[in-house]
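Here is a walk through one protein chain, from the whole fold down to single residues. Keep the structure in view while you read.

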Amino acid sequence: LATSRLVASGGATAWAFLVHPLDPEGFIDLDPKMATALARRAQTRQMMVDENDPEILEALRKKGDQFDKYIKDIGIRPIGEGVFAARGRRTAGTFILVPYLAERFAEAMVLRSEGYPDLYEEIMGAIVEAARQAHALGARVLGLGAFTSIISAGGEELVRRLHDIGIDDLIVTSGNTYTAAALVQGALAGCRKMGKDPAVSTVIMYGLGSVGTPASYLLASRFRRVILVARNQGKMARLAKDLMAAVDSGQHEITYTDDLRSVLLQADVVVSAIGAAGTQGNNLDIHLLAPGAVVVAGDRPFILPASAPLSRPDCLFLEGAVLEGPFWASCARFLAMGGENRAFGCLMETILRGADGDSVTHATGVKMDPVEIARLIDRAKYYGVRLSGFRWRGRRMHWLAILVIRVQAILARRRT
């Protein structure tokens with residue numbers, strides 16, 4: 001797949017996007033034999049739970065490590081292709097696999113913070129090799145999917161390492177800018193469907209990483225009250241101060257807390273963007289939500305179960321930052337996007353930059369550039385890219401289902 005040079009026309013630039021499975025089942029799409037390895041892995045893990053003997057536990061751990069070896073044997077390689085064509089521009093791209101599970105990325109970051117950088121360096125080496133392959137295929141815009149962005153500091157560390165090996169003409173984007181914009185667009189659309197006016201509503205921004213931070217600026221300009229929720233009090237205090245300076249303090253209120261559970265009942269809308277979900281747990285207890293609340297989940301992996309709408313039929317749960325447009329991907333099932341013409345915000349930003357022929361500046365790190373966000377939103381409209389309706393776990397929600405949720409919310413409020 002995608003072993004010949006990528007082609008673009010009409011002023012566009014070829015692109016590439018780095019991907020990795022969010023869970024072990026994702027590898028079955030790449031190699032059906034992995035199903036047997038997965039079954040053995042699950043059996044081994046259960047045995048480890050049931051076992052108390054340290055020597056047997058160590059033997060089981062080594063047996064479990066074989067699964068990582070199977071994954072690495074798949075290799076760093078292209079696994080699919082994508083094409084975007086609109087307004088006389090056509091850009092082709094490739095998806096390159098970085099063969100590590102989300103849990104390994106999270107583990108690498110924790111170990112590095114504790115003074116053990118080996119796994120981090122191993123994964124960063126794989127990311128650099130994937131970027132080198134993308135460059136050799138002719139890509140000049142490179143997008144970072146899921147944890148490949150998080151572990152590389154939003155792409156900034158990758159840019160430095162590419163420079164060290166002489167690659168300076170591959171533009172790297174974390175995809176955070178348009179992901180943040182798409183999440184906020186989803187929150188506003190959810191408000192409209194549930195009859196809420198953002199100008200008098202309260203929104204919780206859960207997670208202040210590379211997506212949550214820029215999204216906070218957009219939310220602060222639209223909602224009456226924004227509650228920032230994260231673990232770092234200092235970071236929240238600085239961001240709250242910056243947000244207050246950017247909006248009319250007489251019309252907007254910014255507060256922050258590290259205790260999500262204590263403020264969930266106050267929220268009309270919850271926007272969740274916990275990038276490294278595996279490292280900080282999930283405090284989003286849906287049973288504490290107010291009736292009629294809108295939850296926009298921008299997390300990958302998801303922190304909420306697929307059954308959340310069944311547990312709270314009076315709340316609207318939306319899968320955030322899923323877009324559709326004149327786009328086709330050959331590995332849509334592996335990417336779990338819900339269709340061949342759909343893309344997550346980070347991928348769509350990569351494609352938009354390719355369609356525009358972007359080859360000037362990187363879009364990395366945690367930045368808030370209102371001009372760039374506005375430009376990407378405008379370019380998305382120009383090329384016919386839009387939110388992919390109201391979706392949850394890959395399935396589109398019918399308008400009648402949303403109407404039922406509104407009725408359930410009214411009834412729940414009456415009962416309370």
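Contact here means heavy atoms within 4.5 Å. The model is predicted.

Start with the whole chain. It has 15 helices and 18 strands. Of its 416 residues, 53% count as buried. Among contacts with a separation of 6 or more, 73% join residues 24 or more positions apart.

Turn next to a pair of helices. Two packed helices are described by the angle between their axes and the distance between the axes. Helix H13 covers residues 345–356, and helix H14 covers residues 370–382. They pack at an angle of about 80 degrees, and their axes lie 11 Å apart. Angles of 65 to 115 degrees count as roughly perpendicular. H13 and H14 are therefore roughly perpendicular to each other.

Which residues make the H13 side of the meeting with H14? They are Glu 349, Leu 352, Arg 353 and Asp 356. Facing them from H14 are Glu 372, Arg 375, Leu 376, Arg 379 and Ala 380. By class, this contact of H13 with H14 has 6 charged residues, 3 nonpolar ones and no polar ones.

Strand E13 (residues 322–324) is joined to E15 by 3 bridges, and the two run antiparallel. To find one of these pairings, look at Glu 324, whose bridge partner in E15 is Arg 342.

Now zoom in on one residue of H13, Met 348. Is Met 348 buried or exposed? Buried means under 20% relative accessible area. Met 348 has 0% relative accessibility, so it counts as buried. Leaving aside neighbours within four places in sequence, Met 348 is in contact with Phe 84, Tyr 178, Leu 323, Ala 343 and Val 385. Gly 325 is 23 residues from Met 348 in sequence, and 9.3 Å from it in space, C-alpha to C-alpha.

Helix H3 (residues 102–113) and helix H4 (residues 118–136) pack at about 130 degrees, with their axes 8 Å apart. H3 and H4 are therefore oblique to each other. H3 brings Arg 104, Phe 105, Glu 107, Ala 108, Leu 111 and Arg 112 to the contact. H4 brings Leu 119, Tyr 120, Ile 123 and Ile 127. By class, the contact of H3 with H4 has 7 nonpolar, no polar and 3 charged residues.

Move on to strand E4, residues 89–97. Of its 9 residues, 7 are buried, so E4 is largely enclosed by the rest of the structure. Strands of a sheet pair through backbone hydrogen bonds, either parallel or antiparallel. E4 pairs with strand E3 (residues 77–86) in the antiparallel sense over 9 bridges. Within that pairing, Glu 81 stands opposite Thr 94. The E3 and E4 hairpin has 2 residues between the strands, and Arg 87 takes a positive phi near 55 degrees there. Strand E2 (residues 15–19) pairs with E4 in the parallel sense over 5 bridges. Here Trp 15 has Gly 93 as its bridge partner. Strand E1 (residues 8–9) pairs with E4 in the antiparallel sense over 2 bridges, and Ala 8 stands opposite Thr 91.

Strand E10 (residues 269–272) is covered on both faces. In a regular strand the side chains alternate between the two faces of the sheet. Val 269 and Val 271 lie on one side of E10, with Val 270 and Ser 272 on the other, and all are buried. E10 runs parallel to strand E7 (residues 202–206), joined by 4 bridges. It is also joined by 4 bridges to strand E11 (residues 294–297), again in parallel. Val 203 has Val 269 as its bridge partner in E10, while Val 270 stands opposite Val 295 in E11.

Finish with the cysteines. How many disulfides are there? The count comes to 0. Cys 191 is buried, at a relative accessible area of 0%. Cys 315 counts as buried too, at 2% relative accessibility.

Methods:
Residues numbered from 1 in each chain as written. Predicted model: local features only at pLDDT ≥ 70, side-chain atom pairs only at ≥ 80, totals over all residues. Heavy atoms only, no water. Axes fitted to C-alpha atoms, helices over the stretch in contact; angles between N-to-C directions. Parallel < 35°, antiparallel > 145°, perpendicular 65-115°, else oblique. Nonpolar A, V, L, I, M, F, W, Y, C, P; charged D, E, K, R; others polar. Pairing = 2+ DSSP bridges. Disulfide = S-S within 2.5 Å. Buried < 20%, exposed > 50% of the residue type's maximum accessible area, 1.4 Å probe, protein only.
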